[in-house]
Amino acid sequence: MSRTNFDTLLEAGCHFGHLKRKWNPAMAPYIFMERNGIHILDLHKTVAKIDEAANALKQIAKSGKKILFVATKKQAKAVVSERAMSVNMPYVIERWPGGMLTNFPTIRKAVKKMSVIDKMTAEGAYANLSKREKLQIARKRAKLEKNLGSIADLNRLPSALFVVDVMKEQIAVREANRLGIPVFGIVDTNSDPENVDFVIPANDDASKSIQVIVDACCAAIAEGLEERKMEKEADGEAADTDAETQDEETSAARESDDEETEE
């Protein structure tokens, strides 16, 4: 069963592309027609591509790996941050920090600065500083939180990148390509799909279009996480059963030894 359908995508405006003069010829396989100078995307292909991407994301989440969401355009920020937090995944909705993937250790050091500042504040290390110095530290902490707070729990490189508007986030896409990290992307008619591993052809400017697609993908991720949790619980119960069986066998063996000794 598909995670979305033609009518839902049509209502959300996922089929609207850009002006014909702004198109990228590489998107031709996903374009249905042109109307009033605007390209219309083939939503049947969009439904299939959403299912393909969602299933892959589900497997990544099920394996316990992280997926980094990237959406710095205004109409996507709120949707992506809310949905990513709901499935406990890292996200970037402010400016993409160059080298975030290719120079990951440096980014981690910047993230650690936040915890260092928090720790020293709690210990009262800044108590004797002047008001101006305290304000500077507070501003630095706020800036770090704004830019990197959403990736504070990302201790290693993500296993996948989910991008809204691959043209706007081309630096992030290039970094992921360089490191061999698979890229999932909402790709409009003006973008190049060549560097995206899982192309989702759709309108990447309308908030409703973005929401429908991100909802479907995050629902798949949630399923993967739930299945992982159930498997862990099942493994734990199996381990407990094995331990109980072993204890019973050990006790039976001891009783048998005791009986032979008495004889």
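This is a predicted model: local features need pLDDT of at least 70, side-chain atom pairs count only at pLDDT 80 or more; totals for chains, interfaces and linings use all residues.
Five strands make up an open sheet with parallel pairing, in the order β5-β4-β6-β7-β8. Its edges are formed by β5 (91-92) and β8 (198-201), each of which pairs on one side only. Within this sheet, β4 and β6 are joined in the parallel sense over four bridges. Val 70 has Val 163 in β6 as its bridge partner. Helix α2 packs on the sheet and touches β4, β6, β7 and β8. The direction of α2 makes about 140° with that of β8.

An open sheet of three strands is also present, with antiparallel pairing and the order β1-β3-β2. Here β1 (16-19) and β2 (31-35) are the edge strands, and the twist from one strand to the next averages 30°. The pairing of β1 with β3 (residues 38-41) is antiparallel and runs over two bridges. Phe 16 stands opposite Ile 40 of β3.

| β5-β4-β6-β7-β8 | parallel | β5 (91-92), β8 (198-201) |

**Nonpolar cores**

In soluble globular proteins, nonpolar side chains tend to be buried together. The largest nonpolar core of this model contains 37 residues. Those with the most contacts inside this core are Ile 67, Phe 69, Phe 162, Val 164, Phe 184, Ile 213 and Ile 221. At least two residues of the core come from each of α1 (6-12), α2 (43-62), β4 (67-70), α3, β6 (160-164), β7 (183-187) and α7. Apart from this core lies another, of 30 residues, which includes Ile 151, Val 163, Ile 181 and Val 183.

Ile 221 illustrates the contacts involved. Beyond its neighbours within four places in sequence, Ile 221 is in contact with Leu 57, Ala 61, Ile 67, Phe 69, Val 87 and Met 89.

Leu 225 belongs to helix α7 (residues 207-262). Residues up to four places away in sequence aside, Leu 225 touches Ala 61, Val 87 and Met 89. The C-alpha atoms of Leu 225 and Lys 62 lie 5.2 Å apart, although the two residues are separated by 163 residues in sequence.

Helix α3 spans residues 74-86, and its buried residues include Ala 76, Val 79, Val 80, Ser 81, Arg 83 and Ala 84. After α3 comes Asn 88, which has a positive phi, near 60°.

**Packing of α4 and α5**

Helices α4 (residues 104-122) and α5 (residues 131-148) pack with their axes 10 Å apart and at an angle of about 135°. The two helices, α4 and α5, are therefore oblique to each other. The crossing in which α4 passes α5 is left-handed. On the α4 side, the contact is made by Ile 107, Ala 110, Val 111, Lys 113, Met 114, Ile 117 and Asp 118. The α5 side contributes Ile 137, Lys 140, Arg 141, Leu 144, Glu 145 and Leu 148.

How values were computed:
Residues are numbered from 1 along each chain as its sequence is written. Side-chain values use heavy atoms; hydrogens and water are left out. Buried means under 20% relative accessible area, exposed over 50%, partly exposed in between (1.4 Å probe, protein chains only). Contact means heavy atoms within 4.5 Å. A nonpolar core is a set of buried Ala, Val, Leu, Ile, Met, Phe, Trp, Tyr and Cys residues joined through side-chain atoms within 4.5 Å. Two strands pair if DSSP finds at least two bridges between them. Axes are lines fitted to C-alpha atoms, for helices over the stretch in contact, and angles run from 0 to 180 degrees between N-to-C directions. Angles under 35 degrees count as roughly parallel, over 145 as roughly antiparallel, 65 to 115 as roughly perpendicular and the rest as oblique. A crossing is left-handed if the near helix is turned anticlockwise from the far one by less than a right angle, and right-handed if clockwise.
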